Amino acid sequence: MFHFGIEHEVAFLDNAGNFADFSRTKFKDFCQIIDQLPFYPDDYPELRVGDAGIKKKRWYIEGFERFLDSEEVVECVPKGIEIRTTINSTIQDTITELFESFSLLREVSLEFGYLPVLVSFNPHYDIFKPNPPLNEYEVQRRKASPEKQTANIPMLTYGPDLNISVADLPVEQVIDIGSKLTYYSPYIIPFSYTSPFYQGKLWEGLSVRTFMRTGQRPATMVFVEKHSELIKSIPSLTKIARIPAEIGRIEFKAFDSCDNFSIYAALLALLKGMVLDESLPGRAMIPDPALHQLSAREGFSNESIFIHAGKILQAAEISLANDPDQELLAPLKDLLDKRETPAHEMVRNFHKSGSIEETLKHTYLKNTSI
């Protein structure tokens, strides 16, 4: 009854060891990598291509699209490369596919002098300004949705969309699940924190990405079929499905990126358990900015965040009783027992090297399939 998918954003260091962001990388630099990666015709229409034609493969360049006076894209300012899986009926298959796609990407990108690295917020820039400034058409286009109005924020962030859907659920129930995940978001996202750098220095917290984006960007997005099913909120909780395969999809967007894909497996299992759970009462149409920022700074060292995370993990475990996916929760139990996040290891490595770029070179070393 369940289906799963992952969209995972990858950042890079260039041949000179510099962070390869919009300030020094052109579309063509990443395009040469994409061109060498395979195309799978059977992926479609399951995967959305989009009007710009950039999303033709399982890998595509993630960036800020520029327009002149129509919907035709004339330029895309790159920030990195996104990997997306097809829709899978098991978490195991989803993670296996992601691992294989990442391995292919790494092999090809290294040939062109780009090393995949993990970080969830640009470690040097805290603002992205389109150059040249937006024209009148682009200004009007951005008014179409709250997400278009804040499209500059994703140019600084690297994070996953963890997608989960359940067959034949009424739309009201799907939206209710989306609001449930939004409410409990600040308690579960520390399991993924990987953005402890800001403006070229070590930040005082664990997730700059969470601190900066929450309140402006959604924690959860629910894809519905009809305009009458949309719920008005800023940021959005609901969105019209762009292709039939998106109808009923719940996209959890608040996690940081992970380089150990067994953590993604654990997080998908956690979301699955929360979908099945009937004991957690909290619901929210929009994410709580203050609570997310507290979580971003303190993680599980905050007693309230720690206690709530434990209760949610326990509820998910109970909901997954007699389900083999229950075993996938083990990495989250370990993190909670240590009251740590993945960012803690990044901070320790930074203290050893004194360099953000050297720290990033140590990421993806535990990138294993399950």
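**Close-up views of a predicted model**

**View 1. Asp 168 lies in the loop between strand E5 (161–166) and helix H5**. The model shown here and in the other views is predicted. Phi of Asp 168 is near 65°, a positive value in a residue that is not glycine. Most residues other than glycine have a negative phi. With a relative accessibility of 78%, Asp 168 counts as exposed, because the cut-off for exposed is over 50%.

**View 2. Tyr 364 is found in the segment after helix H12 (356–360)**. Phi of Tyr 364 is also positive, at about 65°, although the residue is not a glycine. Tyr 364 has a relative accessible area of 7% and is therefore buried, the cut-off being under 20%.

**View 3. Helix H8 (residues 289–298) has His 292, Ser 295 and Ala 296 as buried residues**. These three cover an arc of only 100° around the axis, so they are on the same side of H8. An α-helix has 3.6 residues a turn, so residues three or four places apart point the same way. The packing partners of the buried residues of H8 are helix H5 (171–188), helix H6 (208–213) and helix H9 (303–319).

**View 4. The two ends of H8 are shown with Asp 288 and Gly 299**. At the start of the helix, a side-chain oxygen of Asp 288 comes to within 3.1 Å of the backbone nitrogen of Ala 290. Just after H8, Gly 299 has a positive phi of about 55°.

**View 5. Ile 231, Met 285 and Ile 286 make a nonpolar surface patch**. The area of the patch is about 220 Å². Ile 286 belongs to the loop between helix H7 (261–276) and H8. The relative accessible area of Ile 286 is 40%, which means that this residue is partly exposed.

**View 6. Helix H10 (residues 330–338) has a buried side and an exposed side**. Leu 332, Leu 335 and Leu 336 are the buried residues of H10. Their arc around the axis is only 95°, so they are on the same side of the helix. Asp 337 and Lys 338 are exposed on the other side of H10. The buried residues of H10 pack against H7, H9 and helix H11 (342–353). Arg 339, which follows H10, has a positive phi near 55°.

**View 7. Arg 142 is found in the loop between H3 and helix H4 (146–149)**. Its relative accessible area is 16%, and Arg 142 is therefore buried. Not counting residues up to four places away in sequence, Arg 142 touches Phe 64, Leu 134, Lys 148, Gln 149, Thr 150, Ala 151 and Asn 152. The C-alpha atom of Arg 142 is separated by 41 Å from that of Asp 325, and the two residues are 183 residues apart along the chain.

**View 8. The peptide bonds from Tyr 44 to Pro 45 and from Asn 131 to Pro 132 are cis**. Most peptide bonds are trans. For the bond from Tyr 44 to Pro 45, omega is near 15°. Pro 45 is in the loop between helix H1 (27–35) and strand E2 (59–67). For the bond from Asn 131 to Pro 132, omega is near 5°. Pro 132 lies in the loop between strand E4 (115–117) and helix H3 (136–141).

Methods. Residues numbered from 1 in each chain as written. Predicted model: local features only at pLDDT ≥ 70, side-chain atom pairs only at ≥ 80, totals over all residues. Heavy atoms only, no water. Buried < 20%, exposed > 50% of the residue type's maximum accessible area, 1.4 Å probe, protein only. Helix = DSSP H or I, 4+ residues; strand = E, 2+ residues; numbered from the N terminus. Arc of directions from axis to C-beta. Contact = heavy atoms within 4.5 Å. Polar contact = N/O pair within 3.5 Å; in protein donor to acceptor, adjacent residues only side chain to side chain. Patch = residues over 30% accessible without salt bridge, like charges linked within 9 Å, V, L, I, M, F, W, Y side chains within 5 Å. Areas by Shrake-Rupley, 256 points an atom, 1.4 Å probe, with all protein chains shown as cover. Salt bridge = Lys/Arg side-chain N within 4 Å of Asp/Glu carboxyl O.
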